[in-house]
Amino acid sequence: MREVKVFNTMTREKEVFKPVKEGEAKIYVCGVTPYNHPHIGNARPFVTWDVIRRYLTHIGYKVTYVQNFTDVDDKIINTSNGEGVSWDTIANRYIDSYFEVMDALNVRHADIYPRVSEHIDDIIAMISRLVEKGYAYELDGDVYYSVEKFEHYGELSGRTLDDMEAGARVDVDDRKHNPMDFALWKSAKPGEPYWESPWGNGRPGWHIECSAMSNKYLGEEFDFHGGGSDLIFPHHENEIAQSEGCNGHHPSVRYWLHNGFITINQEKMSKSLNNFFLVKDILAEYSPDALRYFLLSTHYRSPLDFSDERLEEANKSLERMTTAIENLLYLEGCEDGPCDEEAAELLKKAKAYEEEFEEAMSDDFNTALAGAPMFGLAKEINIYYQSVQNQSGTVCRETIAEVKRIFRMMTDILGILEQAWEGPKADGKEYDALMQVILRVRQHCRDKKLWDVADAIRDELNELGIIIEDSPQGARWKKREI
Ligand SMILES: [Zn+2]
């Protein structure tokens, strides 16, 4: 299997990926809190991980991908109180919205989408274990994690407890053993959803769900954990403390991968600046492919600046690749001819571009660098197309098939241009209009007593599964029932 290198936030180094279990890649990515429609910042990690999954699968790994929904959360409760509906009405509405836009962006579904509300028992079991092992303590119905008990606390974010305390606001809750201690369980407040627990009625803190659900579905040691870089501290730092305190493995996650920030016209995205972009609003103006390709045109760890110019650029790049696909589909339909020098040259270049593409993807999934071989191959396809047009009109079919495999592999891993590969397609209305033209031409032949031409049209359509029925009122067409 091809060697893959990944930049690990934990070690701050690029490392060779060595899976926990040979041939398998187990991935957990923090999902959304469904209290609003997904924004552009949400889309970036999910598109990134979709491509990582596609690539690892392509080179032979069996991938398991888990992504949660944080459906118990302050923001959901506030929104539901504001609208006067139940918390799960809000969560379900925005989970539906999540699938709507991610399906449009061609993001494949996770193998498992665990929700907090469906894993309260697992969460309580994990907190109980942390209390038993001395990593957590109860305070009047709340349970806190004692950060001083975990020797590796701060390793992911690269900060010591002393730094954190110096940087933190003075904590008003002086009942806590350390100001950095964080809630695993919160006692119920009026107007909030709650569940029964050994510490009384309440609900989980934010971080514990990801430890409980990743360990449940991927095991106590797994390969990749992802999310936006804003999650490194405190969320992922706390996840490590919880999981490793509970299961005793170090490290329990082999590779931490984090996406860079998204800025809008060089400014931080925020609701107050009125530049908070929802995916559905962007998709009203640009195609899903353009947004997806824009998100992939910068390496996932680098900051990414969103602007209309960049979206337009993405559109132009896609147009160039679409032309190459159209030319390739045309060449595929040409008559087979000799595999001449030009065909041999095309094949040689296509194989070199394939290698370059896989090298870029194997180097920390560098989709930005993977663009160059795609455009290189698109250009070669267009050159060959011109030469076939200008000369014999025949192609080396074996070469065309291999070039198609390579180019399609590239666009499929990036998850773009799926429709272009299907070729031009008529919708129902256009289809019927085309058939009416054919029927009129055939009627014209019959009027001129060109019976053999009229019959040939009928027979050839019949071979395509289209039946012509002649009647005194004229001809009609229908598709043969299969
Ligand atoms: Zn998480």
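Helices (H or I, at least four residues) and strands (E, at least two) are DSSP runs, numbered from the N terminus. The largest share of the lining of the largest cavity, 3 residues, comes from helix α1. The model is predicted, so local features need pLDDT of at least 70 and side-chain atom pairs count only at pLDDT 80 or more, while totals for chains, interfaces and linings use all residues. Residues are numbered from 1 along each chain as its sequence is written, and side-chain values use heavy atoms, with hydrogens and water left out.

**How empty space is defined**

- Rolling a probe the size of a water molecule over the atoms shows where empty space is left.
- The search runs on a 1 Å grid over the protein atoms alone. A cavity is a set of points where a 1.4 Å probe fits but cannot get out. A pocket is an open set with protein on both sides within 12 Å along at least five of seven lines. Lining residues have an atom within 4 Å of a point.
- Grid points are joined across faces, edges and corners, and a volume is the space filled by probe spheres set on the points.
- For residue classes, Ala, Val, Leu, Ile, Met, Phe, Trp, Tyr, Cys and Pro count as nonpolar, Asp, Glu, Lys and Arg as charged, and the others, Gly among them, as polar.

**Largest pocket**

- The largest pocket has a volume of about 1100 Å³.
- It is lined by 42 residues, and His 39, Asn 42, Lys 75, Asp 230 and Leu 231 are the closest to its centre.
- Two or more lining residues come from each of α1, α2 (74-83), α3 (87-104), β8 (202-204) and α6 (208-218).
- Helix α1 gives the largest share of this lining, 5 residues.
- By class, the pocket lining has 18 nonpolar, 15 polar and 9 charged residues.

**Cavities**

- The whole structure holds 3 cavities of 30 Å³ or more.
- The largest cavity has a volume of about 60 Å³.
- Its lining consists of Thr 48, Val 51, Ile 52, Leu 295, Leu 296, Thr 298, Tyr 300, Phe 365 and Thr 367.
- Elements giving two or more of these residues are α1 and α9 (288-296).
- The lining of the largest cavity has 6 nonpolar, 3 polar and no charged residues.
- The second largest cavity holds about 50 Å³ of space.
- Ser 214, Asn 215, Phe 222, His 225, Glu 239, Ile 240, Ser 243, Ser 252, Val 253 and Trp 256 line the second largest cavity.
- At least two of its lining residues come from each of α6, β9 (222-228), α7 (232-247) and β10 (253-259).
- Helix α7 supplies the largest share, 3 residues.
- The lining of the second largest cavity has 4 nonpolar, 5 polar and 1 charged residues.

**Contact of α1 with α13**

- The axes of α1 (residues 40-58) and α13 (residues 397-414) come within 7 Å and cross at roughly 140°.
- That makes α1 oblique to α13.
- Val 51, Arg 54, Tyr 55 and His 58 of α1 meet Met 409, Asp 412, Ile 413 and Leu 414 of α13.
- By class, this contact has 5 nonpolar, 1 polar and 2 charged residues.
- Axes are lines fitted to C-alpha atoms, for helices over the stretch in contact, and angles run from 0 to 180 degrees between N-to-C directions.
- Angles under 35 degrees count as roughly parallel, over 145 as roughly antiparallel, 65 to 115 as roughly perpendicular and the rest as oblique.
- Contact means heavy atoms within 4.5 Å.

**Backbone geometry**

- A cis peptide bond joins Phe 233 and Pro 234, with omega about 0°. Pro 234 is in helix α7.
- The peptide bond from His 250 to Pro 251 is also cis, with omega near -5°. Pro 251 is in the loop between α7 and β10.
- Asn 106, a residue other than glycine, has a positive phi near 65°. Asn 106 is in the loop between α3 and α4 (120-132).
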